[in-house]
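Keep the viewer open and follow the points in order.

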Amino acid sequence: DGLVEFEVASGGKKGQDSENKKQTAIVCKKQLNESHVQIDENDTVYFDCYRSDSVNFCIAKNVVLMKKPHETFDDDKRELGVISVLKGSFGFIACTERMADVFLHLSQISDVPKEELAVGRDVDFKVARGAETGRLQAMDIKLAEPGSAVFEEIEEGVYDGTVVERLPNPNLRKSNPSLLLTGLIEGMVDGRLQKFPFMHTDRENKKLYPKQGDKVTFQIVTDLKRERAAKQAGKPGLGRRATKIVVKTIEGTVAAMKGSFGFIEYDKPKLEGKIEESESEPAAAKPEEKKYETKKDETTLPTSDDGAEATEEGDKKPDEATSEDGADAKEDDK
């Protein structure tokens, strides 16, 4: 709800010019002549004015939007678009330059058989605001060459990237209608690290869902309408996103199979950049090798490769080497 400011010519004396006095009327959205039309501050409207007996205000009814502050309609300018909805004698056209769709009525199409009209057909037309509805309406509609209406442009370059946010499950949209069904890819583009959103339709393999951390290749597509609006807002680049996304696969060789499982050998991918050791977690020190030394006649004997003691007694055969305990035991037996 809001207020409408308007001027009313007050009756002057005979021979004098009448003065315009500004007045204010209450406007409710339910009083709009067309529910699909959105009115905002500084919009120009026309309406029926009713004065309320209970309050000292006028009430605006049957409100029709005439013009937006930024709107300019050129009678000679023709625009391109694609029929997005067609139901009976009316429908809507998705425009290449306007964010909002425009209303389509078959009465504005001449010399075109109805059989040739279908969703997805390219058309060119003029745009005006309907005098009775206030909605954007296509006028003097004609068929255009297929492919004339261009909404997106794909860059030629192919880039490497990493998925930093995976695509959400589309079923979550039922419980949360405002959920954005987009993921995020990070990659080096134009000499700097950038992040690009992507949608379910941007996957090359529709059966494969990229997971967080997956390495991918992608191209960049620009939504011309969104990029134009982003530049006007001083934020260029918001109309770009990642498309033609392919998840990188690792090639390997089956090394062994044991029943229902096995092992694959593959080359470990090289890490990008050098991983530096953290100061908080220093590398573990290598254990010092222990050296075993035995002294005999003040001479150090060398150690063997397996770390075992190399002594003269070790060179004797097992049956020739007897301990002192063994000698005592024989004397007791005697």
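1. Let's begin with Arg241, which is buried because its relative accessible area is 14%, under the 20% cut-off. In this predicted model, Arg241 forms a salt bridge with Glu152, and the closest N and O atoms are 2.9 Å apart. Arg241 sits in strand β15 (residues 240-247) and Glu152 in strand β10 (residues 152-154), so this pair ties together parts of the chain that are 89 residues apart in sequence. Glu152 itself is partly exposed, with a relative accessible area of 36%.

2. A second pair worth a look is Lys248 with Asp160, whose side chains meet in a salt bridge at 3.3 Å, N to O. Here too distant parts of the chain are linked: Lys248 belongs to the loop between β15 and β16, Asp160 to strand β11 (residues 159-165), and the two are 88 residues apart. Lys248 is partly exposed at 43% relative accessible area, and Asp160 is partly exposed at 49%.

3. Next comes Asp190, which forms a salt bridge with Arg240; the closest N and O atoms are 3.7 Å apart. Asp190 lies in the loop between β12 (182-189) and β13, while Arg240 is in strand β15, so the pair ties together parts 50 residues apart in sequence. Elsewhere, salt bridges that share partners join Arg78, Asp124 and Asp140 into one network. The count of salt bridges comes to 11.

4. Lys142 lies in strand β9 and is partly exposed, with a relative accessible area of 43%. Beyond its sequence neighbours up to four places away, Lys142 touches Arg78, Val123 and Asp124. Lys142 and Gln108 are 34 residues apart in sequence, and their C-alpha atoms are 8.8 Å apart in space.

5. Now for the interior. In soluble globular proteins, nonpolar side chains tend to be buried together. Which residues have the most contacts inside the largest nonpolar core? They are Ile93, Val102, Ile109, Phe125 and Ile141, in a core of 15 residues. Strands β6 (90-95), β7 (102-105), β8 (122-129) and β9 (136-143) are the elements that give two or more residues to this core. Leaving aside neighbours within four places in sequence, Ile109 is in contact with Leu104, Leu117 and Ile141. A second, separate core has 13 residues, including Tyr159, Phe198, Val216 and Ala242.

6. His200 is found in the loop between β13 (192-199) and β14 (215-223). With a relative accessibility of 14%, His200 counts as buried. Apart from residues up to four places away in sequence, His200 touches Leu167, Pro168, Pro170, Leu181, Lys206 and Tyr209.

7. On the surface, look for a nonpolar patch formed by Ile250, Val254, Met257, Ile264 and Tyr266, which together have about 580 Å² of accessible area. Both β16 (252-258) and β17 (261-266) supply at least two of its residues. Met257, in strand β16, is exposed at 54% relative accessible area.

8. Finally, step back to the whole chain. The protein chain has two helices and 19 strands, and buried residues make up 26% of its 334 residues.

Technical notes:
Residues are numbered from 1 along each chain as its sequence is written. This is a predicted model: local features need pLDDT of at least 70, side-chain atom pairs count only at pLDDT 80 or more; totals for chains, interfaces and linings use all residues. Side-chain values use heavy atoms; hydrogens and water are left out. Helices (H or I, at least four residues) and strands (E, at least two) are DSSP runs, numbered from the N terminus. Buried means under 20% relative accessible area, exposed over 50%, partly exposed in between (1.4 Å probe, protein chains only). Contact means heavy atoms within 4.5 Å. A nonpolar core is a set of buried Ala, Val, Leu, Ile, Met, Phe, Trp, Tyr and Cys residues joined through side-chain atoms within 4.5 Å. Patches are made of residues with over 30% relative accessible area and no salt bridge: like charges are joined within 9 Å, nonpolar side chains (Val, Leu, Ile, Met, Phe, Trp, Tyr) within 5 Å. Accessible areas come from the Shrake-Rupley method with a 1.4 Å probe; for residues, only the protein chains shown count as cover. A salt bridge is a side-chain nitrogen of Lys or Arg within 4 Å of a carboxyl oxygen of Asp or Glu.
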